[in-house]
Amino acid sequence: MTTKLFGAKVPRVEDQRFLRGQGRYVDDLLHDDPRLLHAAVLRSPHAHARIVDIDVSDVLDLDGVLAVWTWEDLTGPMAEPLPLLIPHPALTEGRTQYALAKDEVNYVGEAIAFVVAVDRYVAEDAVSRIRVDYEYLQPVVGIAAARAATRLVHDDVPGNVGARMEQENGDARAAIAAAPHTLHLELDVERSACTPMEGRGTVARWDPDTSRLTVWSSTQTSTGVRGCVAAKLGLDLAKVDVITPDVGGGFGVKVVHPWPEELLVPLAAMTLGRPVKFTEDRREHFISSAHERAQQHVVDVGFDDDGRVLGLNVEFWHDHGAYTPYGLIVPIITSTQLLGPYKPQNYRVVFESLYTNTVIVTPYRGAGRPQGCFVMERTMDAIAAYLGKDRTEVRSTNFIQPDEFPYEHGLVFQDGRELTYDSGDYPASLAKLKELVGWDEFEDLRAEMAAQGRRVGIGLACYVEGTGVGPYEGAHVHVETSGKVKVATGLTTQGQGHQTAFAQIVADTLGVRFEDVEITTGDTRKMPYAVGTFASRAAVMSGSAIHLAALRAREKALRIAAEALEASEDDLDIVDGVVSVRGTDATIDLGTVAVLSNPLRYAFDEASKAATQFTVGDPGKPPVAEDDEPGLEGKDFYSPPRSTFANGMHAVIVETDPETAEITILKYAVVHDCGHLINPMIVEGQIHGGVAQGVGGALYERMVYDDSGQLLNASFMDFLMPYVTEVPTSIDIDHLETPSPLNPLGIKGAGEAGVIPSAAVFAAAIEDAEGFPITAMPISPSELFALRLEHADDTHATALGS
Amino acid sequence: MKPAPFAYLRPSTLEEALAALAGEQGAKVLAGGQSLVPLLSMRLAAPSMLVDINALPGLGDVTCDASGVRVGALARHAEVLASVAAAEVQPLLAMALSHVAHPTIRNRGTTVGSLVHADAAAEMPMVLQLLGGSVDVASVRGRRTIPAAELFAGPLESTLAHDEIAVEASFPALPAGAGVAFQEIARRHGDYALVGVAALVETDGDDVTRVRLGFVSVSDVPVVVDVTDAVRDPAGDPAARALAELEPADDIHATAAYRAHLVKVLVPKVLAAATDHARQGKDA
């Protein structure tokens with residue numbers, strides 16, 4: 001056998017293109033096509049207003065403008081509200097926007113009119129000529145205003161409450177009442193956003209000769225976009241192809257579909273008979289894509305002398321923005337995943353999902369887990385502080401133990417399945433983390449730094465992440481007569497390294513050279529049944545499907561090769577694309593097997609000529625047997641019974657400047673368990689990226705809305721995404737590999753993990769350095785300074801909570 | 001994020017550029033473009049014409065002599081920062097320039113452009129003000145020199161007339177026995193400072209004769225405060241003296257109280273550093 005690639009640090013084949021600027025993103029497509037038209041969107045300048053009148057009469061006078069649409073120009077399904085993608089029985093008041101606003105706007109940035117012109121400059125000139133009369137309405141901005149409900153976002157949604165959902169296992173309130181100790185905490189997390197390098201973008205081309213529509217979109221789900229474009233434009237699904245080219249990051253925001261532009265661009269292409277492009281600019285991305293994270297939580301916990309949680313009652317309020325196209329996924333994840341690696345004896349959670357006149361909310365890497373982790377880990381720290389115990393000891397007391405898997409929480413997860421953890425070894429992970437960060441030696445460091453007038457603190461946070469959610473993903477593996485292997489899977493790629501990781505699986509499973517494998521993702525022409533890339537599911541779902549499909553191709557290859565070589569299948573090996581009979585020198589190339597698999601043997605290549613020396617098939621039967629197909633292919637789908645649960649633990653040592661209140665990261669340590677690693681380098685890259693994004697979320701990034709609903713920092717000058725100078729220069733990583741029993745490769749997802757514990761771990765470390773509770777994130781030096789003033793008098797303020 | 005339509009002119013002589021400016025009320029000068037181009041792209045500015053001065057001859061030099069450093073209108077921040085002679089004649093230039101944005105922006109942005117953009121959150125207007133420098137401007141009506149004290153009219157507003165082009169800035173040399181220092185606190189490396197403080201300390205032997213402080217981001221226009229008395233008084237509080245003339249404000253990144261606190265933190269540090277610098281002489 002050649003070296004097994006599964007588990008090897010194979011360099012990413014994508015990077016040659018990406019790092020040399022040779023990626024092909026949506027905005028690169030058709031750029032030299034002289035017929036290409038460009039779109040721009042008039043967006044609401046007001047957070048809440050009725051539209052009295054829209055006057056577009058000056059627009060078409062402008063040279064180079066081809067068309068303008070408002071809601072009144074839309075017909076049929078296009079004039080209906082956009083779909084509510086994930087309904088839920090608790091979402092009793094779901095609302096979605098129109099592709100172009102009808103009568104009312106509910107956030108700054110909501111699309112009102114759509115202009116198509118010869119270039120984007122002219123299109124923007126045209127947008128500035130549209131006159132809209134608004135009747136200004138008082139906006140609802142922020143959770144406090146939404147809860148107060150003195151004003152409503154939607155007149156027909158009382159209390160601004162879109163949904164109220166409650167789950168309980170045991171009797172939490174009774175358990176808390178009976179517990180020896182109780183604590184009450186109020187914990188807030190602010191709005192932030194994914195901010196991928198590439199914003200949204202769509203190109204569409206209508207081919208009148210074949211009556212086919214081709215749509216390229218920077219999406220996390222090409223099949224989803226295909227379905228909604230066909231339905232909204234009244235086209236047969238078979239007439240619509242959606243292709244996802246290179247995508248410059250998604251992080252969740254691109255899982256929403258259809259965006260208004262994703263429908264309007266194809267509509268314009270069909271109407272005008274010319275290709276049309278929309279490329280979102282950065283300001284548009286801030287005010288008209290999606291945000292996440294804003295939640296307020298109230299925690300009551302009861303525990304015993306060891307810190308064992310006897311009852312946990314969490315109520316929280318989730319700000320979902322102006323509409324609910326993505327349902328309740330984020331707050332449901334918070335409500336279930338905040339449990340982390342722990343097993344509170346009794347748990348109750350209630351949330352309300354609230355309307356505000358701000359940008360919609362959809363999952364952002366972590367998707368509700370960072371808030372849940374913040375809540376649970378702050379609670380663990382508060383218990384430890386209250387009891388005067390080491391924070392790791394309290395966590396150990398509450399861990400689910402390795403012999404308790406599968407562990408049932410008695411709750412329903414976001415996928416509608418029981419919340420059941422498949423595997424993990426939390427005590428082992430914690431032991432590794434303590435070693436990695438130097439937990440037990442930290443007091444020496446603290447003393448040493450204090451002697452220099454420096455202030456340091458350490459924190460840790462643990463999380464469990466449900467990954468690889470269903471319902472399914474599929475794969476098609478095709479061995480060409482050249483021996484090259486073409487693989488298609490339907491989910492999309494946003495830079496994760498799927499071409500590399502999936503090819504590793506194929507090379508091992510099928511027995512071919514890594515270089516001979518080519519992976520296609522996100523192209524509905526190649527794989528029309530697919531779900532998408534989100535929820536840390538690509539490796540688990542498509543990785544498993546590709547493995548299963550490659551096994552099918554292998555089975556067929558062995559069957560044909562055995563016949564050709566007159567040997568038993570059991571005696572055959574496939575190495576580097578060559579089938580050989582063990583212990584002999586008889587061989588046949590997979591490409592030749594591919595020729596033999598197809599009775600139509602036109603001799604086009606060397607493999608076809610080589611095939612003439614072999615005989616397969618029974619001359620007394622049809623050339624393609626009843627249960628067979630021509631071609632050396634394998635196709636299969638993977639559909640798991642439920643999610644697989646990865647886990648990890650982060651620790652950070654921070655320094656807080658006694659004078660300036662600046663926060664510096666001295667050490668960042670990660671222990672990560674996502675089952676078997678396909679490619680450790682890619683997993684570590686995911687962790688690095690997640691930690692960097694988490695540093696941003698904890699210490700720099702936030703969405704600053706004023707009371708009128710204007711986003712005050714809608715640029716990278718004021719939305720402080722960290723530079724490379726702000727993230728740790730090194731991240732110490734250690735892995736556990738506790739395999740999942742739920743899929744053939746024993747893998748779990750890794751994409752979101754790095755960002756989940758950031759708010760929790762930084763709050764813990766800053767609190768440890770400062771000696772007063774940190775209950776709201778993110779935190780800036782200015783805010784830390786204000787907290788110092790607030791706590792200047794309480795010299796013994798150490799315990800979090802009350 | 002595409003600019004509104006504008007006419008574009010790239011003259012090859014200063015006379016041509018000045019005539020174009022004089023003839024077009026809505027014209028703007030384009031040099032490095034690091035502030036203007038984003039404003040255009042966001043349609044926060046919509047000039048009828050851009051007069052691109054990048055092809056004008058003789059405006060790119062950084063020249064130094066005993067009296068000071070003269071910076072041409074097309075000299076990039078990076079070029080001024082890289083000038084060893086400039087750093088010797090007036091060390092505060094390099095100290096402050098290393099905090100101006102990021103290398104890619106310094107490669108394109110011009111120091112003179114930054115001065116006439118007159119942003120009180122930028123380092124170089126304050127430096128010019130603290131050092132008592134000046135800017136030479138030209139128009140079809142002739143040339144004049146605007147002292148720093150008369151250059152800054154208000155937030156993002158200089159006293160240049162619409163038809164004037166700033167052709168050169170002069171930063172006086174560091175006097176014998178004087179020292180300078182600069183420190184700032186920013187949210188991220190290269191961001192506009194939350195607070196920046198520069199000090200110019202003049203000494204005569206062991207005697208501190210004159211002390212002035214320049215501030216970034218704690219006022220609407222670049223502010224320089226003479227704190228000589230507060231420094232010479234053993235019970236004096238130079239930071240408090242300075243704060244009396246500053247107007248720190250709340251914004252989305254920091255409160256006014258935090259900015260005032262940073263003034264108090266930074267002032268003693270830069271005073272100590274500038275005093276050390278003065279005592280070490282020009283070799284420091």
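This is a predicted model: local features need pLDDT of at least 70, side-chain atom pairs count only at pLDDT 80 or more; totals for chains, interfaces and linings use all residues.
Chain A is divided into domain 1 (15-137 + 200-247 + 253-288), domain 2 (295-469 + 641-790) and domain 3 (473-638). The C-alpha centres of domain 1 of chain A and domain 3 of chain A lie 39 Å apart, and the contact between these domains involves 15 residues of domain 1 of chain A and 18 residues of domain 3 of chain A. Together the two domains bury about 1200 Å², with 51% of that area on carbon and sulfur atoms. On the side of domain 1 of chain A, 41% of the area buried against domain 3 of chain A is supplied by A:Gln220, A:Thr223 and A:Val247, more than by any other three residues. The elements that give two or more residues to the side of domain 1 of chain A touching domain 3 of chain A are α5 (222-233) and β11 (240-243) of chain A, and β11(A) provides the largest share, four residues. Sorted by class, the residues on this side of domain 1 of chain A divide into seven nonpolar, six polar and two charged.

B:Met1, B:Arg187 and B:Arg188 supply 32% of the area that chain B buries against chain A, more than any other three residues. Three salt bridges are found across this interface; one of them joins B:Arg43 to A:Asp125, with the closest N and O atoms 2.7 Å apart. There are also 16 residue pairs in polar contact between chain B and chain A, both residues at pLDDT 80 or more.

Within chain B, the domain assignment gives domain 1 (1-174) and domain 2 (178-279), whose C-alpha centres lie 25 Å apart. The contact between them brings together 23 residues of domain 1 of chain B and 25 residues of domain 2 of chain B, and the area buried between the two domains is about 2000 Å², of which carbon and sulfur atoms give 71%. B:Ala120, B:Met126 and B:Leu130 supply 32% of the area that domain 1 of chain B buries against domain 2 of chain B, more than any other three residues. Zero salt bridges are found across this interface, while three residue pairs, both residues at pLDDT 80 or more, are in polar contact. On the side of domain 1 of chain B that touches domain 2 of chain B, α5 (91-97), α8 (123-131) and β8 (152-154) of chain B each supply at least two residues, with α8(B) giving the most, six residues. The residues of this side divide into 16 nonpolar, five polar and two charged.

Two loop residues of chain A complete the tour. A:Gln401 is found in the loop between α10 (391-398) and β16 (407-412) of chain A, and A:Gln401 counts as partly exposed because its relative accessibility is 29%. Leaving aside residues up to four places away in sequence, A:Gln401 touches A:Lys343, A:Ser396 and A:Pro427, and a polar atom of the A:Gln401 side chain lies 3.2 Å from the backbone oxygen of A:Phe399. A:Asp516 lies in the loop between α13 (498-511) and β21 (517-521) of chain A. With a relative accessibility of 14%, A:Asp516 falls under the 20% cut-off and therefore counts as buried. The residues that A:Asp516 touches, again not counting those up to four places away in sequence, are A:Gly483, A:Lys484 and A:Val485.

Conventions. Residues are numbered from 1 along each chain as its sequence is written. Chains are lettered from A and ligands numbered from 1 in the order in which they are written. Side-chain values use heavy atoms; hydrogens and water are left out. Domain bounds come from an automatic or database domain assignment. Contact means heavy atoms within 4.5 Å. Buried area is the accessible area (1.4 Å probe) that two parts lose on being put together, summed over both. Ala, Val, Leu, Ile, Met, Phe, Trp, Tyr, Cys and Pro count as nonpolar, Asp, Glu, Lys and Arg as charged, and the others, Gly among them, as polar. A salt bridge is a side-chain nitrogen of Lys or Arg within 4 Å of a carboxyl oxygen of Asp or Glu. A polar contact is a pair of N or O atoms within 3.5 Å; within protein, one must be able to donate a hydrogen and the other to accept it, and residues adjacent in sequence count only if both atoms are side-chain atoms. Buried means under 20% relative accessible area, exposed over 50%, partly exposed in between (1.4 Å probe, protein chains only).
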